[in-house]
Amino acid sequence: MGREAGFTLIELLAVMTILAIAITAFTYAGSSSLETSKFRAFMVKAQAVIRDGRADAMRSMEEQIVYIDVRGRRLGRAEKGELLDLPNGVDLKAIVAEQETYADGTVGIRFYPAGNSSGGALTFTFHGQAYEIRVNWLTGNVATARI
């Protein structure tokens, strides 16, 4: 009796194993890419919230504060409804002026009507890489750098 055309059970198992490995690798790469995208979007939003604080201070001629809650893992301006939660896997360290450390454990960066600020630096660590949002005390300008 001759061998019939078709696949053996071992051949099918080998193909299924290869497909499972490929799907797992693709899914893992996709989830890492999604986390990175969420982090990048967060950084853009955080910069925008800080810049808006400066712009609002200059526009309204009133001091504005961007609050940073390191323990609560959020930052923003609650009175404007601009609160951002840190994405999972992101660590935050804040360095601000001593007078901008508050009793509830939060800290802040204050913007003045002239455009200047109390200054500060927010360091975000994600997957072993550190990025910093710096607020210049003299000019109030906001800059981001990888450190």
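F39 and Y131 are both buried, where buried means under 20% relative accessible area, exposed over 50% and partly exposed in between (1.4 Å probe, protein chains only). The model is a predicted one, so to speak of local features takes a pLDDT of at least 70, side-chain atom pairs count only at pLDDT 80 or more, and totals for chains, interfaces and linings use all residues. Residues are numbered from 1 along each chain as its sequence is written, and side-chain values use heavy atoms, with hydrogens and water left out.

Now for the overall picture. The protein chain has one helix and eight strands, in the pattern α-β-β-β-β-β-β-β-β along the sequence; helices (H or I, at least four residues) and strands (E, at least two) are DSSP runs, numbered from the N terminus. Its C-alpha atoms fill a box of roughly 95 × 30 × 30 Å along the principal axes. The radius of gyration is 24 Å, while a compact globule of 147 residues would come in near 15 Å (taken over C-alpha atoms; the globule rule is 2.2 Å times the number of residues to the power 0.38). Buried residues make up 33% of the 147.

Next comes a sheet. Four strands form an open one in the order β4-β6-β7-β8, with antiparallel pairing; two strands pair if DSSP finds at least two bridges between them. Because β4 (90-96) and β8 (142-146) each have a single partner strand, they stand at the edges, with one side of each left without a neighbour in the sheet. Further in the account, β6 (residues 120-126) and β7 (residues 129-135) pair over seven bridges, and T125 has A130 in β7 as its bridge partner.

Back to the aromatic rings. There are four aromatic pairs, counting rings of Phe, Tyr and Trp (its six-membered ring) with centres within 6.5 Å; planes under 30 degrees apart are stacked, over 60 edge-to-face and the rest tilted. F39 and F126 are stacked, since their ring centres are 4.6 Å apart and their planes at 10°. This pair ties helix α1 to strand β6, parts 87 residues apart in sequence. Relative accessibility is 5% for F39 and 6% for F126. F39 also pairs with Y131, tilted this time, with centres 5.5 Å apart and planes at 50°.

Leaving aside neighbours within four places in sequence, Q47 is in contact (heavy atoms within 4.5 Å) with I133 and T144.
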